[in-house]
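Thanks, everyone. Please have the viewer open while I talk.

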Amino acid sequence: MFLSRIVLRDLDSIDSLASMASSKKVVTRDEWERKLRDVKIRKEDMNRLVMNFLVTEGFVDAADKFRIESGTQPEIDLATITDRMEVKKAVQSGNVQEAIEKINDLNPTILDTNPQLYFHLQQQKLIELIRAGKVSEALEFAQEELAPRGEENQTFLEEIEKTVALLVFEDGKNCPYGELLDVSQRLKTASEVNAAILTSQSHEKDPKLPSLLKMLLWTQNQLDEKAAYPRIKDFTTAALEDPSI
Amino acid sequence: MIANQEAEAAVPVPGAVTAVDPMRLASRWRSPEEWERAVKELEAEPLPSELNTFNSSGLFAVVSTDKLSVRYLGSHNHGHDVGVVQADRPAPTRRAVYYFEMGVKNAGFKGQTSIGFTNESFKMRRQPGWESNSCGYHGDDGKLYRGQGPGESFGPKFTTGDTIGAGINYLSQEFFFTKNGSLVGAFAKDIKGPLYPTIAVHSHGEELTVNFGKEPFCFDIEGYILEEKMRQQSVTDKVKLEEPNISHWIVRSYLLHYGYQDTLNSFDMANATEPPATCQNGHREPPETYGLSHRKLLRQLIMSGDIDSTFKRLEEWYPQVIKDEKSVICFLLHSQRFIEYIRDEQLEDAVKYARTSLASFLTHKAFEGLIEDSVALLAYEKPAESSIGYLLDSPQREFVADAVNAAVLSTNPVMKDDHEGCLYSCLERLLRQLTVCSFEQRTFNNNQGDAFLLHKELRSCERSRCS
């Protein structure tokens, strides 16, 4: 009886070890590094990825210098980037009217075909008026320009109400919608403008690089369920972490 | 020639100091032919190209001599005399979507033509879909058959003059059918194993032609694939990057790594004027700030073809890089000097230089391939138009510049043993990891679907922009 108890207990632990071992494929560091070395990547493709980032994000001067230093051709005419960047800058500094005029100079159909963008620009204009303390101007603008938009669209109406509520609070920052006064709101609108202009120029509105980084995160997460392999946790060092078994 | 270049990496160079292997650089792909070849190997998968005449039932259908059409011969007495034909090879799996089309040349008496997929052990006298492990879209009733049992209503019937397509979408794991350029429908793929494109005829006079891709398709398959890829991308795009500005950091580290100083300065200036949200959040300086202005100047010299000055500067700033006259770096610089003589059509000087500076490298097996190629340039009246003409172009200069860059980085005491860090930028290491992870992930899906390859990703970028 004594013997059988021991045997049974051993069987148990062997069983659980076996199931642990079979649940995930293990790839050793050496194997993985060999696979990494076998990957074939061309420098010109990486250069294009970087150029795509500079161009899409609007770094005109850097894109031009990169063209000279690396011999990579920009995907679109750099001159169009300057115009786009001026619009973006105007929004980022709160000069919404200037931005709207510049957009229409660039391409009058952009605002026509993007009612949401146009609304967000007007909302930003209202925010700037409130920030500057121009209460009566703000109210006039809200009533004449924004209210009609609110009537056509429930979401717009809610946004208008949030924005107008800022007027009621002495210190806008304490308002529940205080984040509208934040610089980040300007950046959000600026980004929307940037994307709309790029799309109107038949260019992809997002740079490829962040997408690829997300793909790496996603793929590693997927692979984690099936295999133990060296992961990259810190993207700034791209250092491999040994597989945890 | 190419084989020798690969062997270089394996044979240790005698007397080499920190031998950072330049053949591991991303810029080693100077010859477009070599790259095409390497890439083809990666993606090689046999494709269906014609109809299989060996395994057909023979009695019931006849396949044309070009093996791209079939005609019914039997008498349609029952359900086991279908003239069914498979493609010569199964559908490839290592891609997002596989697709082929058939044209109904003649619907004959009863229009009982069909198209679908069947497996290897299919009974070659039944309609696709009438047996398990097969599926078929039938023209006489517009129904879908997916194994034993009655068909389900699926789409329109089809007859003479119609073009019907059948495809496998590995991303969504579905089969789909099209008629005359429009999608009819899709349904879950539950059949495993190699699947053969299959067409069938069953009544007097029925005749079908098949298109495995030699001719343009009726259906906009490229557009369909693009849509599927965008759908997949929107899934991965939902992932949150821990640091929203990581892309800036990675671009910056790329510029630092290769010594693109002017670009870097411009990039930094632009980021300084942007609101704080886009600035780096206090990361430690990457080690590649080491020797930045030197590396930038060295690159400029090499890219303009001034190797003599390159040697002078290296002697001044990093003598240890060229101390060993038999090192890979010295070889690359000397061969580039030689190439520059040829570029400038100073053939006598080229020969003189080869005798003094290149001959010593001939004794080392490691350099055989590169020397032979370079010296062969002398044999051509118009070397730029020869098959080794790529040696005269700027990618070759860039290769040498990147090799010198890596060698200089390796003189940094911090980086001395980190060969990977000298050869690969952070961006490159991340891209390699993405590639390997993507391929590994695919093996868990029975090797079905697309896997990440940077050059393909960029190509599809271009295509979507043009559409």
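I will go through a sheet, the interface, some salt bridges and a few single residues.

A word of caution at the start: this is a predicted model.

Let's begin with the sheet in chain B. Seven strands make an open sheet, and their order is E1-E2-E13-E4-E9-E10-E11. The pairing is antiparallel. Which strands sit at the edges? They are strand E1, residues 61–63, and strand E11, residues 182–188, both of chain B. Each of the two pairs on one side only. On average, neighbouring strands are turned by 20 degrees against each other, direction ignored.

E1(B) pairs with strand E2, residues 69–72 of chain B, in the antiparallel sense. Three bridges hold that pairing. Val63(B) stands opposite Val70(B), which is in E2(B).

E10(B) and E11(B) pair in the antiparallel sense, with six bridges between them. Phe175(B) has Phe187(B), in E11(B), as its bridge partner. E10(B) and E11(B) also form a hairpin, with two residues between them. In that turn, Asn180(B) has a positive phi of about 50 degrees.

Two further residues of chain B deserve a look for their backbone. Gln173(B) is not a glycine, yet its phi is positive, about 55 degrees. Where is Gln173(B)? It lies in the loop between E9 and E10 of chain B. Asn447(B) is not a glycine either, and its phi is positive, about 55 degrees. Asn447(B) is in the loop between helix H14 (426–443) and helix H15 (454–466) of chain B. As for accessibility, Gln173(B) is at 29%, so it counts as partly exposed. Asn447(B) has a relative accessible area of 29% and is partly exposed.

For contrast, take Thr310(B). Thr310(B) is in helix H7 of chain B, residues 307–317. Buried or exposed? Thr310(B) is at 0% relative accessibility, so it counts as buried. What does Thr310(B) touch, leaving aside neighbours within four places in sequence? The contacts are Leu298(B), Leu301(B), Ile302(B) and Leu333(B).

Next, the interface. How many residues of each chain are in contact? On chain A, 60 residues touch 66 residues of chain B. The buried area between chain A and chain B is about 6,300 Å². Carbon and sulfur atoms give 67% of that area. On the chain A side, Lys40(A), Lys43(A) and Glu69(A) lose the most area to chain B. Together these three account for 12% of what that side buries.

Five salt bridges cross this interface. The side chain of Lys43(A) meets that of Glu398(B) in a salt bridge, 2.6 Å from N to O. Helix H12 of chain B covers residues 394–409. H12 has 16 residues and reaches 22 Å from its first C-alpha to its last, close to the 22 Å expected. H12(B) is mostly covered, with 14 of its 16 residues buried.

Now for salt bridges within a chain. The count over all chains comes to 38.

Start with chain A. Glu128(A) and Arg131(A) form a salt bridge, with the closest N and O atoms 3.0 Å apart. Both residues lie in helix H8 of chain A, residues 115–131. They are three residues apart, about one turn of the helix. An α-helix has 3.6 residues a turn, so residues three or four places apart point the same way. Glu128(A) is at 11% relative accessibility and counts as buried. Arg131(A) is partly exposed, at 36%.

In chain B, Glu131(B) bridges to Arg126(B), and the closest N and O atoms are 2.7 Å apart. Glu131(B) is buried at 9%, and Arg126(B) is buried at 14%.

Last pair: Lys179(B) and Asp162(B) meet in a salt bridge at 3.8 Å, N to O. This pair links distant parts of the chain, 17 residues apart. Lys179(B) is in strand E10, while Asp162(B) is in the loop between strand E8 (152–153) and E9 of chain B. Both Lys179(B) and Asp162(B) are buried.

To finish, a network. Salt bridges with shared partners join Lys43(A), Arg299(B), Glu398(B) and Asp402(B).

How values were computed
Residues are numbered from 1 along each chain as its sequence is written. Chains are lettered from A and ligands numbered from 1 in the order in which they are written. This is a predicted model: local features need pLDDT of at least 70, side-chain atom pairs count only at pLDDT 80 or more; totals for chains, interfaces and linings use all residues. Side-chain values use heavy atoms; hydrogens and water are left out. Two strands pair if DSSP finds at least two bridges between them. Helices (H or I, at least four residues) and strands (E, at least two) are DSSP runs, numbered from the N terminus. Axes are lines fitted to C-alpha atoms, for helices over the stretch in contact, and angles run from 0 to 180 degrees between N-to-C directions. The expected span of a helix is 1.5 Å times one less than its number of residues. Buried means under 20% relative accessible area, exposed over 50%, partly exposed in between (1.4 Å probe, protein chains only). Contact means heavy atoms within 4.5 Å. Buried area is the accessible area (1.4 Å probe) that two parts lose on being put together, summed over both. A salt bridge is a side-chain nitrogen of Lys or Arg within 4 Å of a carboxyl oxygen of Asp or Glu.
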